[in-house]
Amino acid sequence: MMINFSTVSDHITSQPMFEILSRVQELERTGQEILHFELGEPDFSTPDNIKAAAINAINGDQTKYAPSGGLHEFKEVVQETTLKSRGFKPELNQILITPGANSIIYFALKCVINPGDEIIVPDPGFPTYYSAIHALGGIPKPLQLNENDDFSFSHESLEQLITHKTKAIILNSPSNPTGQTLSSNLVKKVYEISAKNNILLISDEIYARVIFDDTKFASPSTYDECKGNTLILNGFSKAFSMTGWRLGVAIGPENLIQKMTNLTSTIASCVPPFIQIAGIAAVTGDQRAVKHMVKTYHERSKILVNGLNSVKGISCLMPKGAIYAFPNITGTGMNSAQFSELLLRKCNIAVTPGHCFGANGEGYVRFSTVNSDNTIREALRRIKDIFGTKQV
Ligand SMILES: Cc1ncc(COP(=O)(O)O)c(C=O)c1O
């Protein structure tokens, strides 16, 4: 039988990181040992209190359908957590519990994109923004992040991208892939621009808890309490090392959340109740494991970035949060794909080439800081063997 595919289905792509991972796994099947720096997946176990909460919930028969918008108790916890972290208490009907944060990107965009509409996305930025926009018949408008400006942007460059077709702006701080953060002044300015132009502002805050030293986290939600045009996108995958649990939280204007709830109920029905109960344990329980993980990512990023900065042809900004370093490799004379291929073939190191994050990511590669210090040092040793050390 010949399937007549829709135009939109032809634009659906998978996440490039997973494609890279399957290639790497193929190499591993042939007996090669690869050092993994390609996937943004924490290497820690999910903290014990979270696992115990889920197991108890399953044993207590919390295994049936839950309300599509999320458990009432979980939403109450989100209210309190938002009050503590962002200074306002959203209404219960402004909160939606989702199967992972990726689905929030898709559900939110589905509610605002008509074919041909434009969405402003960070470039380099998280690839799902691009694939979701394409899958919905929209057009991504890349907002160039400049390394010289710590991978930030000017509000003028944002304003220049706005047209009558602009439906949403996506911000992501701390950023995947750059590890940098946006200043509170800029976040405020972006909020004002989006509100003035009546554009949905999607703030991807999945790394909000993964922030180093005294770097300040800024959320545009503080200006309208998610009642105007701001939508917070958050998830448990990174901060709580819960990638496989598929748990996310969206906070936004009531009418948008209602539509996104309808989408959740149509597509996934609900997030399993025992997963949500684990989520409650994650945010209300002992935070020492989270603090330890964040401290460890910070230590690792210092080892990795200082090491990379000593390699000929490579320079790298120190991340302020998240689980990535994003070195500039143009001084090696190679492009991102060539550099990544060389690392894989000659050093058995897997990284993600920068162009996977948008055209402006060319000239960079992304290393995830999800390896032990020893593995990072071993990777640096192999890289130095190939490229040599800078003369000081
Ligand atoms: C910036 C950003 N947003 C959203 C997600 C999606 O997270 P998940 O679907 O695992 O909750 C990720 C995962 O890598 C990410 O890096």
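Predicted model: local features only at pLDDT ≥ 70, side-chain atom pairs only at ≥ 80, totals over all residues.

Entry 1: I began with Tyr324, which is buried at a relative accessible area of 1%; buried means under 20%, exposed over 50%, and partly exposed in between, with a 1.4 Å probe and protein chains only.

**Entry 2: ring pairs.** How many aromatic pairs are there? I got 12, counting rings of Phe, Tyr and Trp (its six-membered ring) whose centres lie within 6.5 Å; planes under 30 degrees apart count as stacked, over 60 as edge-to-face and the rest as tilted.

I looked at Tyr191 and Tyr223, whose ring centres are 5.4 Å apart with planes at 20°, so I logged the pair as stacked. For helices I used DSSP runs of H or I with at least four residues, for strands runs of E with at least two, numbered from the N terminus. Tyr191 is buried at 15% relative accessible area, whereas Tyr223 is partly exposed at 36%.

Then I returned to Tyr207 and Tyr324: their ring centres lie 5.7 Å apart and the planes meet at 85°, so this pair is edge-to-face. Tyr207 is in the loop between strand S6 (200–204) and H8, and Tyr324 is in strand S9 (residues 324–325), so the pair ties together parts 117 residues apart in sequence. I also found a cluster, in which ring pairs link Phe151, Phe326, Phe357 and Tyr364.

**Entry 3: the cores.** Which residues have the most contacts inside the largest nonpolar core? They are Leu109 and Leu231, in a core of 67 residues. A nonpolar core here is a set of buried Ala, Val, Leu, Ile, Met, Phe, Trp, Tyr and Cys residues joined through side-chain atoms within 4.5 Å. H4 supplies the largest share of this core, 6 residues. The core lies between domain 1 (7–45 + 288–386) and domain 2 (48–284), because both give residues to it; the domain bounds come from an automatic or database assignment.

I listed the contacts of Leu109 (heavy atoms within 4.5 Å). Beyond neighbours within four places in sequence, Leu109 meets Ile119, Tyr129, Ala132, Ile133, Leu136, Ala168 and Ile202. Another core, of 30 residues, lies apart, and Phe153, Leu201, Phe357 and Tyr364 are among its members.

**Entry 4: Asn102.** I found Asn102 in helix H4 (residues 102–112), partly exposed at 26% relative accessibility. Leaving out residues up to four places away in sequence, Asn102 touches Gln15, Phe126, Thr128 and Arg246. Its C-alpha is 8.7 Å from that of Gly235, 133 residues away along the chain.

**Entry 5: cysteines.** I searched the whole structure for disulfides (cysteine sulfur atoms within 2.5 Å) and found 0. For Cys111, the nearest cysteine sulfur is that of Cys226, 15 Å away. Cys111 is partly exposed at 25%, whereas Cys316 is buried at 9%.

Key:
Residues numbered from 1 in each chain as written. Heavy atoms only, no water.
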